[in-house]
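Please have the sequence and the structure at hand while reading.

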Amino acid sequence: MKIVSSIEELRDQLRGQLRTAFVPTMGNLHEGHLSLMRLARKHGDPVVASIFVNRLQFGPNEDFEKYPRTFASDVEKLEKEGVYVLFAPTEKDLYPEPQEFRVQAPPVIGDILEGEFRPGFFAGVTTVVLKLFSCVQPSVAVFGKKDYQQLMIVRNMARQFALPTKIIAAETYRAEDGLALSSRNGYLTDEQRAEAPALYRELNVVAEAIRAGKLDVSLLEKNAMENLHARGWQPDYISIRKRIDLQLPTAGDLAQQAPLVVVAAARLGSTRLIDNLEI
């Protein structure tokens, strides 16, 4: 595996490649990330991964400085997966001058849910993703469904800018007890880790209720939030949305059984976890 840090080196390595499959990451890789590499290989060749902790998507009170950086072990894992190139730029490589041009998601999708609780987050994500796409020029790029809203925004961005990159969605990779794998799981204490699967269980309760014909969306959301709160969580939201655009379902949508997803974000101690479940 070749490790490059400059955009020029990266383009030299990929010159002439027409089927590049790309997986952008912030490092601290776990099995969920590695499953994305395997999916990428099914859709293109060579596979390129990136590791870059993107300052633009961290708020002033978030964990940029303490975000886990495990580069040596990340390299070992990517080599075992047969990744061809690892693009690992420094901030000076990727942002040689202040990144004053930003990509802004429309408020209807960018300012709800995660966008409401993390102002500026999606502008940071879309800006770095567009820049990485410009550097790698992939045929396909793989993003996990765990970050459901992020996946939708990136997909919409690629379509509206007519980017020559197909966005592939990967199913959420879970531990045996149902917890979605996330780099932030490493912040959990042993006691919190044992409690963490309760978030996914609550999503399943909501989904089963919808499938059983209980369509009082507000009540289902309220009950789920209260259940988590009673267990010591601090939920930001548990919300039932339409899969197509993450807007609230109307009575007509519910009657016609429009495809739905229940999305959630909640803090357990100081660790903020997100998850979702398609219905």
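The model is a predicted one. Three strands form an open sheet in the order β7-β8-β9, with antiparallel pairing. Helix α10 packs on this sheet, and helix α11 lies across β7 and β8.

**The sheet**

- The edge strands are β7 and β9, each of which pairs on one side only.
- Neighbouring strands of the sheet are turned against each other by 10 degrees on average, direction ignored.
- Strand β7, residues 234-242, runs antiparallel to β8 and is joined to it by 8 bridges.
- Across this pairing, Gln234 stands opposite Arg267 of β8, and Ile240 stands opposite Val262 of β8.
- Strand β8 also pairs with β9, residues 271-278, in the antiparallel sense over 8 bridges.
- Leu268 faces Thr271 of β9, standing opposite to that residue.
- The hairpin of β8 and β9 has 2 residues between the strands, and Gly269 takes a positive phi near 65 degrees there.
- Strand β8, residues 260-268, is mostly covered, as 8 of its 9 residues are buried.

**Helix α10**

- Helix α10 comprises the 14 residues 198-211 and reaches 20 Å from its first C-alpha to its last, close to the 20 Å expected at 1.5 Å a residue.
- On the sheet, α10 touches β7, β8 and β9, and its direction makes about 25 degrees with that of β9.
- The buried residues of α10 are Ala198, Leu199, Tyr200, Glu202, Leu203, Val206, Ala207, Ala209 and Ile210.
- The elements that cover these buried residues include α9, α11, β7, β8 and β9.
- Just after α10, Gly213 takes a positive phi of about 95 degrees.

**Helix α11**

- Helix α11 runs at about 155 degrees to β7.
- The 14 residues of α11 should span 20 Å at 1.5 Å a residue, and the end C-alpha atoms are 20 Å apart, so the two values agree.
- Val217, Leu220, Glu221, Ala224 and Leu228 are the buried residues of α11.
- An α-helix has 3.6 residues a turn, so residues three or four places apart point the same way.
- Ser218, His229 and Ala230 are exposed on the other side of α11.
- Cover for the buried residues of α11 comes from elements including α10, β7, α12 and β8.

**The nonpolar cores**

- The largest nonpolar core has 41 residues, and those with the most contacts inside it are Leu10, Phe87, Leu94, Val129, Phe143, Ile167 and Leu246.
- Two or more residues of this core come from each of α1, β4, α7, β5, α8 and β8.
- Helix α7 gives the largest share of this core, 9 residues.
- Leaving aside residues up to four places away in sequence, Phe143 touches Pro24, Val129, Phe133, Gln150, Leu151, Val154, Ile167, Ile168, Ala169 and Ala170.
- A second, separate core has 27 residues, including Val206, Trp233, Leu268 and Leu273.
- Of these, Val206 is one of the buried residues of α10, and Leu268 is the residue that stands opposite Thr271 in β9.

How values were computed: Residues numbered from 1 in each chain as written. Predicted model: local features only at pLDDT ≥ 70, side-chain atom pairs only at ≥ 80, totals over all residues. Heavy atoms only, no water. Buried < 20%, exposed > 50% of the residue type's maximum accessible area, 1.4 Å probe, protein only. Helix = DSSP H or I, 4+ residues; strand = E, 2+ residues; numbered from the N terminus. Pairing = 2+ DSSP bridges. Core = buried A, V, L, I, M, F, W, Y, C linked by side-chain atoms within 4.5 Å. Contact = heavy atoms within 4.5 Å. Expected span 1.5 Å × (residues − 1). Axes fitted to C-alpha atoms, helices over the stretch in contact; angles between N-to-C directions.
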